[in-house]
Amino acid sequence: MDRPPAVGPLVFGVSSVDGKSWASEHKLSGSPFRQIRRTTVTHERKPLQHTQGTHESVYVLPDQKVQQASQQIFEDGALEALGQAKKTFFGGHLTQGPDPAHGQTATADCADETTSAWPAPGGGCGADFLLCLACPNAHVHPGHHPRLALLHGHIQSLRSAMPEHRWHQRWYEHWQRLDDLADKVGRPSWTAARSRASDTDRTLVDLLLKGQLAS
C-alpha cells in the first residue's frame, strides 16, 4: 500500500493510481511539480540541490526557452568559427603558370594590390608577404611550389625549437595555410617540389623566417 488505509469515509493521501488517473484526465505527461521545479531551476540559472553537470544536462539544455534564447549565440559562434577557419586556409588561386600582368611577391603572384584586404597608408598593399596566401588576389603556380614547400617544412621545424604558445601565436596561421595549400597541390607533388628549391628560394625563405622582408 502506498498510502494509509481509509478510516470510514475518510481517505488519506494520494495513491499512484490516483495520480495517474488525475494526470490522464488533465492531459499531463508527468508530475506538474517536476515541471515547476524545472522552471524554478532554469529561472534561477544555477544549481540548487544538484551538481553543475546535472543542472546543465537535465535542467538547462532541454529547456525550450533556453534553447530559443541560445540560438542566436550558437549561430554567431558558428559564423565566427567559420570566419576564423577561412582566415587560416589558402585564399588564393592555383594556376598552371605565371601571368605577365601579375606582380611578383616573395610567396605568390598578385593580381591586384590596389584591392588588398590590408591596404597601406600610402596606397597599395601593406600586408606581410606571409599573408599573401590568405588573399584572394594571390596566384600560386608550380614555380612557387619549391619555395613554399621549403617554407612549410621550416615553419614546422620551428615548433620543436620554441615554446608552443609562441609558435602558435607567431606561426600557426601561416603554417595552416601552407598545409592547406599542400593538400590542394597534392602531398607527393609538394614533397617532390621541396627537393627542387633553389638557392634563391632558400635565401627568400630564410629572410621570411627572420622577418627581414617588407611588403
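Modeller: Strands of a sheet pair through backbone hydrogen bonds, in either the parallel or the antiparallel sense. In this predicted model, an open sheet of 4 strands runs in the order β1-β4-β3-β2, and its pairing is mixed.

Biologist: Which strands stand at the edges of the sheet?

Modeller: Those are β1 (93–94) and β2 (103–104); each has a single partner strand, so one side of each is left without a neighbour in the sheet. For β2, the pairing with strand β3 (residues 109–110) is antiparallel over 2 bridges, and within it Gly-103 stands opposite Cys-110 of β3.

Biologist: How should I read a helix, and how many residues of α5 are buried?

Modeller: An α-helix has 3.6 residues a turn, so residues three or four places apart point the same way. Helix α5 (residues 145–158) has 14 residues and reaches 20 Å from its first C-alpha to its last, close to the 20 Å expected at 1.5 Å a residue. Of those 14 residues, 10 are buried, so that α5 is mostly covered, and among the buried ones are His-145, Arg-147, Leu-151 and Ile-155.

Biologist: What covers the buried residues of α5?

Modeller: The cover includes β4 (138–140) together with the helices α6 (164–185), α7 (187–194) and α8 (199–210).

Biologist: Which residues form a nonpolar patch on the surface?

Modeller: Val-7, Leu-10 and Phe-12 do, with about 280 Å² of accessible area together. Phe-12, found in the segment before α1 (16–25), is partly exposed, its relative accessible area being 39%.

Definitions and conventions:
Residues are numbered from 1 along each chain as its sequence is written. This is a predicted model: local features need pLDDT of at least 70, side-chain atom pairs count only at pLDDT 80 or more; totals for chains, interfaces and linings use all residues. Side-chain values use heavy atoms; hydrogens and water are left out. Patches are made of residues with over 30% relative accessible area and no salt bridge: like charges are joined within 9 Å, nonpolar side chains (Val, Leu, Ile, Met, Phe, Trp, Tyr) within 5 Å. Accessible areas come from the Shrake-Rupley method with a 1.4 Å probe; for residues, only the protein chains shown count as cover. A salt bridge is a side-chain nitrogen of Lys or Arg within 4 Å of a carboxyl oxygen of Asp or Glu. Buried means under 20% relative accessible area, exposed over 50%, partly exposed in between (1.4 Å probe, protein chains only). Two strands pair if DSSP finds at least two bridges between them. The expected span of a helix is 1.5 Å times one less than its number of residues. Contact means heavy atoms within 4.5 Å.
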